[in-house]
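Dear colleague,

I am handing over the structure we spoke about, and the notes on what was found in it follow directly below. Please read them with the coordinates open beside you.

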Amino acid sequence: MPHPTAPGNQDEHDEADGLAPSPPVHYAEQALLGALLLDPERLGEIGALEPEHFANHAHGALFAGMRTVPAPGPEQLRSSPSWLNSVLDAARPQAPGLSASHLHTLIRVCPRPGHAVSYARMIRADHARRSLRLHAARLAQTAIDTTLPHRAQTTMRRADTLVRFLDGLSGSFTSHPSSPPRTPLPPPPARSPEEDALDEERCLLATATAHPADVREMRWLIAADFVLPLHGGLWQCLTTLAHRGDPVDPITVLWQAQHRGLLTPGVDPAGLLVLLSTPAGSPEHWAEKILERSLLARAADVAARITVYADDPANSPHQLITGSRRALADLTTLHTRWQQATRPPLPQTVRPARTPRVPRAGPPPRTAPPVRTTR
């Protein structure tokens, strides 16, 4: 007859109480703690495991108590419950609900104490998945926080923290070739462009048309950075004309737009001429704002993609690392362009005036020997 605390019965009990069934890591934590209670010497075999790696707070407190109380000898463990009582006393301040019967339950549900190393590896893997989800959530929150004074810089620092976390994570698990996550990504949410973003793009197009020489210095801005595809296509028209050295004005840009197939039935040529003829400010100012908006949107999308990976328990730690690094690579490329746009110009060094060269004094000129004359 199955024991009342067997995994299957535990799930039925949770469902009867209206709770979600316990995840597999819950049973891995129980099995590991039971194995360590039976044989405390295994604490030295399970590798780098910390109390915060446990998903269950009480389990983490109990594990911390095991590491606090000196391990007993085999004879003392068999003859006296003093070590179990000491562990319980050490864990109770952090988990008051623990009891002696709970410890005995953990011992009973451990199927194979000799598999403690495998149980610990499962706990570390699940903790890695939860931690990755937390890092992604912080990145997403920073990217949309409009109260930050330097949102782009703060967002990229969050992304750098995530990269360092992945680097540390890759060293915590045995390296082997891994495939990317097989988790299907949902389609990107349909977002209507904000009017502020559209205004910035209109200002850039008009101002760049009025100052085409500045366009040649802004190779860091590409059509994909624009929220409206039509505006991105017009930017390509402008950059093509400017880099070729062709004349740039509203008419030539409109003609180039026609060749690129941008004048679809819903696009009014007269309206485009008006758009391209109302400059305001400087092209660099508007271009940087567009690129910053693109950077923040990409960071939010990357965070959402990593969250989808982390929410799928079928992904192994290696798959999570591979998928997250590929997602962050797109953000890194955009960040490089952002750094090019915002890097302060190099100071102009003034060369000292060249002093005229004074010829070095040479040897005195040789005089011809006197000519002897004969009388």
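A residue is called buried here when its relative accessible area is under 20%. Please keep in mind that this is a predicted model. By that cut-off Cys110 counts as buried, because its relative accessibility is 8%, and Cys237 counts as buried as well, because its relative accessibility is 0%. As for disulfides, where the rule asks for a pair of cysteine sulfur atoms within 2.5 Å, the count comes to zero.

The next point concerns a pair of helices. Two packed helices are described by the angle between their axes and by the distance between those axes. For helix H2 (residues 24-38) and helix H6 (residues 100-109), the axes come within 7 Å and cross at roughly 100°, which means that H2 is roughly perpendicular to H6. On the H2 side the contact is made by Gln30, Leu33, Gly34, Leu37 and Leu38, which meet Leu103, Leu106, Ile107 and Val109 of H6. Sorted by class, this contact of H2 with H6 holds seven nonpolar residues, two polar residues and no charged residues.

Finally, in helix H13 (residues 269-276), the residues Leu272, Leu275 and Leu276 are buried. Viewed down the axis of H13, the buried residues fall within an arc of 90°, and therefore they line one face of the helix. The cover over these buried residues of H13 includes helix H9 (195-210), helix H11 (229-244) and helix H12 (250-259).

With kind regards

How values were computed. Residues numbered from 1 in each chain as written. Predicted model: local features only at pLDDT ≥ 70, side-chain atom pairs only at ≥ 80, totals over all residues. Heavy atoms only, no water. Axes fitted to C-alpha atoms, helices over the stretch in contact; angles between N-to-C directions. Helix = DSSP H or I, 4+ residues; strand = E, 2+ residues; numbered from the N terminus. Parallel < 35°, antiparallel > 145°, perpendicular 65-115°, else oblique. Contact = heavy atoms within 4.5 Å. Nonpolar A, V, L, I, M, F, W, Y, C, P; charged D, E, K, R; others polar. Buried < 20%, exposed > 50% of the residue type's maximum accessible area, 1.4 Å probe, protein only. Arc of directions from axis to C-beta.
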